[in-house]
Amino acid sequence: MEHVELASRTTAPHHQFDDLLQQRRAYEMGMWIFLVTELLLFGGLFLGYAVYRNLHTAAFQAGSRELNLLAGAINTAVLLVSSLTMALALHALQLARRRAAARLLALTALLGALFLAIKAWEYTSHVLHHKFPGALFQSSGPHPGPLELFYSFYFAMTGLHAAHMLVGLVVCAIMIGLLRRGRFTPESHAPLEMTGLYWHFVDIVWIFLFPLLYLMGYPQ
Amino acid sequence: MTARPPAPRIYYLVCGALLALLLLTVAVSFIDLGAFNVPLALAIAVAKALLVALFFMHLRDAVPLTRLVAVAGLAWLLVLFLLTFGDYATRGWMQ
């Protein structure tokens, strides 16, 4: 009985849809609408950063030069490769290679964890150098106020991004569990597709954060 | 979202292009292009985002309604930036 229910859940559309294709397209569009709200959530921070970078260009450039460019670049590469493994995981499932899909998802989550580890190491270094905005902030440079503002944006933007990465890691773990229990078929695996869309979106946010925060202090 | 999954070869190519663009954006950030450094860095970021959206997120194969949602999001983002910077640029607050 349970087996029959499981089979019908993955092969038949929900009653409000004509067929599986229509259902998949509705899921896809719903996810994109959610991602657009996320885009505007991050957009507000990007806008604030752009305005204050224009107001305090020299201080923001000095702030960019204080960040660890190598760590930022490595983290960008880690995220770009994790998007590849995520796309390959979906591809593997579409070819009914469930174990390969689970392995690729685990690799994706591992790369996400590596990104967060490098980010945490960077954060530790900022805090130890008194660069966390607030009472303990210290700077010997010519613009301590605007520099503190730069770090406020830096922590808010990378912090919100890191929170999204954490959510992505949890969702990846859930998807690996569902995959192993055989809940997805090559024809029906909407949750995995939505996870992929989310993961790639968070990657795109970082694609913009990296040059804005790490690169725009050069050349001096 | 298509019945036939795209060949993984395209994924490897896209990832290679993304990593090449990453190296490019780091390299050109050290070359003094005057006022063009920032627009170039942003243009490379837009190119990378487009690659991810079109190929990894399958926007290339998506139905028009889904593409419309994505474009509408960009349109609202444009409104957010244009109105704000229109304000800052025309009231002498940027000195």
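Reply:

A search of the whole structure turns up three cavities of 30 Å³ or more. The search runs on a 1 Å grid over the protein atoms alone, where a cavity is a set of points at which a 1.4 Å probe fits but cannot get out, and a pocket is an open set with protein on both sides within 12 Å along at least five of seven lines; lining residues have an atom within 4 Å of a point. Grid points are joined across faces, edges and corners, and a volume is the space filled by probe spheres set on those points.

This is a predicted model, in which local features need pLDDT of at least 70 and side-chain atom pairs count only at pLDDT 80 or more, while totals for chains, interfaces and linings use all residues. Residues are numbered from 1 along each chain as its sequence is written, chains are lettered from A and ligands numbered from 1 in the order in which they are written, and side-chain values use heavy atoms, with hydrogens and water left out.

The largest cavity has a volume of about 100 Å³. Its lining has 14 residues, of which Leu90(A), Glu193(A), Leu197(A), Phe56(B) and His58(B) are the closest to its centre. The largest share of the cavity lining, six residues, belongs to α7(A). By class, the lining of the largest cavity holds nine nonpolar, three polar and two charged residues, where Ala, Val, Leu, Ile, Met, Phe, Trp, Tyr, Cys and Pro count as nonpolar, Asp, Glu, Lys and Arg as charged, and the others, Gly among them, as polar.

Turning to the open space, the largest pocket has a volume of about 1,200 Å³. Its lining is made of 36 residues, and those closest to its centre are Leu39(A), Phe208(A), Val46(B), Leu74(B) and Leu77(B). The elements that give two or more residues to this lining are α2 (20-55) and α7 (190-215) of chain A, together with α2 and α3 (64-90) of chain B. With 11 residues, α2(A) provides the largest share of the pocket lining. The lining of the largest pocket divides into 31 nonpolar, three polar and two charged residues.

Four residues from domain 1 and five residues from domain 2 make the contact, contact meaning heavy atoms within 4.5 Å.

Of the helices in chain B, α1 (residues 8-28) and α2 (residues 37-56) pack at an angle of about 170°, with their axes 10 Å apart (axes are lines fitted to C-alpha atoms, for helices over the stretch in contact, and angles run from 0 to 180 degrees between N-to-C directions). The pair α1(B) and α2(B) is therefore roughly antiparallel, given that angles under 35 degrees count as roughly parallel, over 145 as roughly antiparallel, 65 to 115 as roughly perpendicular and the rest as oblique. Among the residues that make this contact are Leu18(B) and Leu22(B) of α1(B) and Ile44(B) and Phe56(B) of α2(B). The contact of α1(B) with α2(B) has 18 nonpolar, two polar and one charged residues.

As for chain A, it has seven helices and zero strands, and its C-alpha trace spans about 70 × 30 × 30 Å along its principal axes. In the segment after α7 of chain A lies Pro219(A), which is joined to Tyr218(A) by a cis peptide bond with omega of about -15°.

How values were computed:
Helices (H or I, at least four residues) and strands (E, at least two) are DSSP runs, numbered from the N terminus.
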